[in-house]
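Student: I have a structure to work through with you. Can we take it by question and answer?

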Amino acid sequence: MLEPKVWQLTAGSAVLGLVLAAGAVALAGPWDSGQRKAERDWAAAQDGTGGAHHDGEGVGMPAPAPSAAGVLAELGVSATSLSAPADLPADLTSTLGPLLESPDLGPAPSASVVDVATGEQLFGQRADRPMAPASTIKIATAVAALSALGRDHRIPTTVVTADRGKGGDDKPDDKGEDPTEITLVGGGDATLDRGDLRSLAADTARALRDRGVHRVTVRFDVSLYSGPREHPIGPNDNIAPVTALMAGQGRLDDSAADTFGGPAPRSGDPAGDAADAFADLLRERGLKTSGAPAAARAPEDADRLAVTYSRPVSALVERMLTNSDNDIAESLVRQTAIEAGRPASFAGAQQAVQAELKKLKLPVDGALLRDGSGLNRHDRLTSGLLTALLARAADPERPELRPVLTGLPVAGFSGTLQGRYTDADATTGSGLIRAKTGTLTGVNSLAGTVVGPGGRLLAFAFLAEEAPAPDTAQRALDHLSAELVS
């Protein structure tokens, strides 16, 4: 147990911290998909160069957030002085052990609880057993992408042409004009939407008019990706065909106009649909098009007419984790593969992510990352790897990984945890736990962070297979994690 004076200092510091944090959030503005809107808008203003069922010149870069250890040192408090009590592992054994025996979690669930500051495992049960992670694999996807690409990397979608045009002063009658071929080149941005296409079309039309071009043939290039387009699960409302070009994630309902995430009917040809929409937008701007857009590789010597960029990878990661967005997940693992010089395919992405995690000295033995989303039932991770990933994301020496933590849904409030932690035995976790969910038929998982006894940040991961029902399994997982709340 903590001595009374230490406990009072800890509690007082915690309350002061909450007050200061609340003030900081209020000043920074509202949150949007796990990211403060002020931060997101600042990032978007820079000159970019670069679930399952469910550089700008003259602008200073913000300093990284101080680490917990640094703050405590300024206060004259040693980080190690707030270590978890010596009897915490035993307490967790007696508390979590019986809960893990619940039949709602199947015959052999896996669990890991780690002190983030020290990396010490406080509790483990089958923590080194590879199991199906479902969407908690997105934590690995996020860590690998941020590590390989950097948090400020943006994904481009470009329009190019090999035709040098007629010159800006020559504006002939277009009746006898041969169409200029332009190519819409997909860069793998799974968040491209109609607004982005509209902006791209406006810039393209302006560039073509400057060249004296009034008539075009539209092509689209999706050659950045290789291998199968279809996820191994086949056509599914949870994911569009995995292609380097899509708009609105190929959604065929109104969810494309809202924040993405969650199941929706999907197009079988999202790249073709995006090219059709782009051609329509060009016509709205007075250009004539010749025939329907067709797939073709962009010429190697092509000039760039226009480009639009995704938001930074940091924002994409947060959005992916908050909403358990499968399309963003598959995009991010392919961007990781491209950065590593590997094929942008399911196989190439698996190799790239695994290699990146090894570079970070994470325990990847037994891990199989067949996709980035967790929809593949052959994926395998250990609960020990998941807690190691979360602890590495909190490492003061790895500030680029922090969006992994800030993107996690908040229990009872946001993303895939919005409707959870409502039962009496789990309500103590509401608002205090941040975690990534995972759900497939018979597979339920939960991995995240919570402030535990002693005021230490804990990382936890629970994996269950052969669970008889998703609702009862989720409630059991909520109860387990709620037991870690200080």
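Student: Where is Asn 376 found?

Tutor: Start with how the model is described. This is a predicted model, where local features need pLDDT of at least 70, side-chain atom pairs count only at pLDDT 80 or more, and totals for chains, interfaces and linings use all residues. Residues are numbered from 1 along each chain as its sequence is written, and side-chain values use heavy atoms, with hydrogens and water left out. Helices are DSSP runs of H or I with at least four residues, strands are runs of E with at least two, and both are numbered from the N terminus. Asn 376 lies in the loop between helix 10 and helix 11 (383–393).

Student: Is Asn 376 buried or exposed?

Tutor: Buried means under 20% relative accessible area, exposed means over 50%, and partly exposed is in between (1.4 Å probe, protein chains only). Contact means heavy atoms within 4.5 Å. Leaving aside neighbours within four places in sequence, Asn 376 touches His 231, Pro 232, Arg 370 and Asp 371. Its relative accessible area is 9%, so Asn 376 is buried.

Student: Is Lys 361 buried or exposed?

Tutor: Lys 361 is in the loop between helix 10 and helix 11. Its phi is positive, about 60 degrees, although Lys 361 is not a glycine. Its relative accessible area is 71%, so Lys 361 is exposed.

Student: And Ala 134, buried or exposed?

Tutor: Ala 134 sits in the loop between strand 4 (121–125) and helix 5 (138–149). Its phi is near 50 degrees, a positive value in a residue other than glycine. Its relative accessibility is 1%, so Ala 134 is buried.

Student: At what angle do helix 9 and helix 10 pack?

Tutor: Two packed helices are described by the angle between their axes and the distance between the axes. Axes are lines fitted to C-alpha atoms, for helices over the stretch in contact, and angles run from 0 to 180 degrees between N-to-C directions. The axes of helix 9 and helix 10 are 8 Å apart, and the angle is about 70 degrees.

Student: How is helix 9 placed relative to helix 10?

Tutor: Under 35 degrees counts as roughly parallel, over 145 as roughly antiparallel, 65 to 115 as roughly perpendicular and the rest as oblique. The angle here is about 70 degrees. Therefore helix 9 is roughly perpendicular to helix 10.

Student: Which residues of helix 10 make the contact?

Tutor: Helix 9 brings Glu 330, Val 333, Arg 334, Thr 336 and Ala 337. Helix 10 answers with Phe 346, Gly 348, Ala 349, Ala 352 and Val 353.
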